[in-house]
Amino acid sequence: MADLRSNFVGIKSPNPFWLASAPPTDKAYNVVRAFKAGWGGVVWKTLGEEGPPVVNVNGPRYGAIWGADRRLLGLNNIELITDRDLFVNLAEIKQVKRDWPDRAVVVSIMVPCDEESWKAILPLVEETGADGIELNFGCPHGMSERGMGSAVGQVPEYVEMVVRWCKQYTRMPVITKLTPNIADIRKPARAAHAGGTDAVSLINTINSITAVNLDTFSPEPSIDGRGTHGGYCGPAVKPIALNMVAEIARDAQTRGMPISGIGGVTTWRDAVEFMALGAGNVQVCTAAMTYGFKIVEEMITGLSNYLDEKGFSSVDEVVGRAVPNVTDWQYLNLNYVTKARINQELCISCGRCHIACEDTSHQAITNMIDGKRMFVVKDEECVGCNLCVNVCPVEDCITMEQIPGGMMDERTGHRVPDHYANWTTHPNNPMAKAKEPAE
Amino acid sequence: MAQGQFLTGIAAGRLAADQYAENFSDLHEPFSGHEARVEADRCYFCYDAPCMTACPTAIDIPMFIRQIATDNPVGSAKTIFDQNILGGMCARVCPTETLCEEACVREAAEGKPVQIGRLQRYATDVAIAEGVQFYERAAPTGKRIAVVGAGPAGLACAHRLAMHGHEVTIFDAREKAGGLNEYGIAAYKSTQDFAQAEVDYVTAIGGITIETGKALGRDISIGQLSEDFDAVFLGMGLGGVNALRSEGETAASNAVDYIAELRQARDLSALPIGRRVVVIGGGMTAVDMAVQAKLLGAEEVTICYRRGKEYMNASLYEQDLAAAAGVAIRHWLSPKAVLTADGKVTGIELEYTRLENGVLAGTGESLTLPADQVFKAIGQTFLAAALNGSGAAIEMEGGRIRVDGEGRTSMPGVWAGGDCVADAREDLTVAAVAAGRDAAESINRALMGGANG
Ligand SMILES: Cc1cc2nc3c(=O)[nH]c(=O)nc-3n(C[C@H](O)[C@H](O)[C@H](O)COP(=O)(O)OP(=O)(O)OC[C@H]3O[C@@H](n4cnc5c(N)ncnc54)[C@H](O)[C@@H]3O)c2cc1C
Ligand SMILES: Cc1cc2nc3c(=O)[nH]c(=O)nc-3n(C[C@H](O)[C@H](O)[C@H](O)COP(=O)(O)O)c2cc1C
Ligand code: SF4
């Protein structure tokens, strides 16, 4: 059996599944239930500075998009950081950490962007015995209007500055949580790195409006007829999060910096994908909020079976395995030629591949052969784009087959070269540099 | 269990009072909005969809389903009504298992087609409940058309003619309009007086007058109609029934008559049914009769069919429906004599049959089944007598009215469609709708001097 134990920047947990800073980690009651269910760690719901707690709206705070059977695909929220008293939270954190010494308890913090505020809160958190802190530079609504959250996370200089203060005033490991509401995620990651952060975590939620009520013309969620953009999370954001994690993992300046992967993790498979792209562990929010804490059992057994099947002995063996395979477009092999193949045994004749290719792609699939409804790929037209595979409702009915080097590509009328060649040396590229392809 | 359950002979009130409502409720529960959207999402929106080709009225099924999926049931209903103004009834009565749903690619993929019929019902129910009328009459043309028969064929024809701005008068021999929708379809397929609601919905377009209690051949004649109107459409269905050609036949009842009575009964507990019932036949009517006898509380109901299972006109789905209701289906049995004593049915004598060189023949061995009631459900016939007295005769073919590809009879200005004609179409509600609609287009072209006029 593979070893699922995780050591993330020195913070140990029995498994790499943490709950992200959010309602599931807002108080001891929830966190204790999570630990009983088997979660490896939590990032406590973000604490603010001492004083009157923030207030939340008293109407709905969530919007959502669903699949047909109301499967929750994306959630958005306009909740702020914890609205409970700082000292109540600190006392609970202390108690929970004492009662659950083998679990990771990290405390998320967001205070105004000045040295005094950070200097004031850090000792209070450290006193709880928590394992580390996470700097919430991500919250995209409400707090950002007050110069915190993503308002900080969007300015790399601020990120670096705050990280530096934290490293200066606490001995706890510092995880910097990044906002995805930025054009190039590498910039704040590099800044956090420069400030000396121990790790970054990402993504926080994405600015979004999930829906507009077409009777009242209010955005959802509607507070007395008006709405505001909220933070988007859940399965829908996973592809965005995966890319951002990968960008940081393969960036020359931040390569090797520990990453806690967040964003749409719903199953063990999602978690392993994040890890393969460089995340040392994952954090989960929406999936737990949708199904309850029990899902961690599925994640644990799924991860364990996967590692066993692959012959990996520990989680660390997966971390970063896919990173070398993430590259720039210019380095993709242009001599890799594929054609779609439709398995006639499996084909149910829905015709979706035909109409997709016919209307929107390359007119490469028949709909009729000898007067019979039949869908066959015309190699002389197929560019190998794979659209048909994605619209086909039958798994594995359409597959992409590689035309090996030396064989004829019916579309171009040329034999497929049997060597790797990319855009950097392509004759159509006015900027083509060298004879030998780079990378 | 009600007292009447084991009453011998033919008796009413075999079930507890509340059991009737339960037994005769919807065969398929209507979808809720959410159920409909989930089911609609199963549709693959096929290219050149096979279901659409399989539908006799060629409804754009993928489109109407997509409109349901996108929470646009009213738009969906219009897509349906554009091709089939009786889409509501068809959603309830079509043997979808041999039409659209048989062709569904998900049937090929997993043996579980998209439930097209139930989705169609969902959309049409919404539109009818909201009273949305999609069609306006074109400017009046001044043309008047007589339609004989207010069944699916006649109603579909009338609606399409009204759309084109013509004035339509429908004559029907019965007391109520609707044809077999009102008098023939199994009660659990058309609940809550849907047939009348649909007639009202269809005629709400205006320009259609229905005169019930007016029979062609009795109160009106073809000759007179041809004189008074610019065109005539005959959608009279099948008024007669086939003969058993066995002894004691008069003691047997006609399934269609009994079903008509059942459909019109205000109080089903007052409708007498035998304790032991035998139904002769192998089609949809036989199944409907047998199942409804069972639902009325008959203890033992047996369908006897003179050929094997594979020859039955009732689809496998309907045979299963009968079996699930507790009906026994026996094959290779041909009726010889309906047995009576003191004027009451006591049983039926049947002879075993087999195919000899492709010809059905008796084996000589016979069987007697005890029965209190014997129903004939061996097919209906067209009563050509109604057409008599019109001077020029309308040509027949195989006992029904001969028509060309556009529904034109041999008599100028007279069209026909539905069960009463000899054409390639099956005797189904949806086929009658298609025939009526297409004849209306042909009539319109003829009257308005269109290209094919
Ligand atoms: C018991 C039974 C169950 C059935 N179940 C189904 C089913 O589940 N699904 C399905 O698709 N099909 C079913 N059918 C078949 C379907 O009902 C018919 O195919 C369809 O009704 C034919 O429509 P129509 O308009 O041609 O004739 P009809 O519906 O028979 O209508 C003919 C109309 O003409 C009137 N008429 C007849 N003669 C005269 C006259 N001389 N003068 C004036 N009016 C006249 C009649 O009163 C009637 O109203 C069933 C049939 C029967 C008998
Ligand atoms: C209701 C709600 C409140 C949240 N509050 C916080 C917060 O206080 N601090 C924080 O760092 N992230 C917060 N988040 C963001 C989550 O921690 C997480 O980054 C995000 O939801 C993406 O992960 P997921 O797709 O698994 O939900 C919140 C998310 C939700 C849904
Ligand atoms: S791979 Fe693309 S081009 Fe080729 S058949 Fe499929 S959709 Fe058409």
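What volume does the second largest pocket have? I looked it up and got about 730 Å³. A reminder to myself before going on: this is a predicted model.

**Entry 1: the pocket lining**

I listed the residues that line the second largest pocket and found 30. Nearest its centre are Trp66(A) and Ala68(A) from one chain, with Asp41(B), Ala69(B) and Thr70(B) from the other. I noted β5(A) as the element that gives the most, with 5 residues. By residue class, I have the lining down as 18 nonpolar, 5 polar and 7 charged.

**Entry 2: the shell around ligand 1**

On to the ligand. I found 36 residues around ligand 1. The ones that come nearest are Val93(B), Asp172(B), Lys189(B), Leu216(B) and Asp419(B). Sorted by class, the shell holds 19 nonpolar, 10 polar and 7 charged residues.

I then looked up which elements of chain B supply at least two residues each to this shell, and wrote down α10 (152–163), β3 (167–172), α14 (255–264), α15 (284–295) and α17 (429–448). With 3 residues, α15(B) gives the most.

**Entry 3: polar atoms and cover**

I went through some distances to oxygen atoms of ligand 1. From the side chain of Asp172(B), a polar atom lies 2.5 Å from one such oxygen. For Leu428(B) I noted a backbone N or O atom at 3.2 Å from a ligand oxygen. Met236(B) also takes part through its backbone, where a polar atom is 3.4 Å from an oxygen of ligand 1. How much of the ligand does the protein bury? Ligand 1 taken alone exposes 990 Å², and the protein buries 93% of that.

**Entry 4: domains of chain B**

Last, I checked the domain assignment of chain B, which gives domain 1 (10–23 + 242–379), domain 2 (33–130) and domain 3 (144–239 + 382–447). Between which domains does ligand 1 lie? Domain 1 and domain 3 of chain B both give residues to the shell, so I place ligand 1 between them. I also looked up the spacing of domain 1 and domain 2 of chain B, whose C-alpha centres lie 33 Å apart.

How values were computed
Residues numbered from 1 in each chain as written. Chains lettered and ligands numbered in written order. Predicted model: local features only at pLDDT ≥ 70, side-chain atom pairs only at ≥ 80, totals over all residues. Heavy atoms only, no water. Near = heavy atom within 4 Å. Polar contact = N/O pair within 3.5 Å; in protein donor to acceptor, adjacent residues only side chain to side chain. Areas by Shrake-Rupley, 256 points an atom, 1.4 Å probe, with all protein chains shown as cover. Helix = DSSP H or I, 4+ residues; strand = E, 2+ residues; numbered from the N terminus. Nonpolar A, V, L, I, M, F, W, Y, C, P; charged D, E, K, R; others polar. Domains from an automatic or database assignment. 1 Å grid on protein atoms, 1.4 Å probe; cavity = no way out; pocket = protein on both sides within 12 Å on 5 of 7 lines; lining within 4 Å. Points joined across faces, edges and corners; volume = space filled by probe spheres on them.
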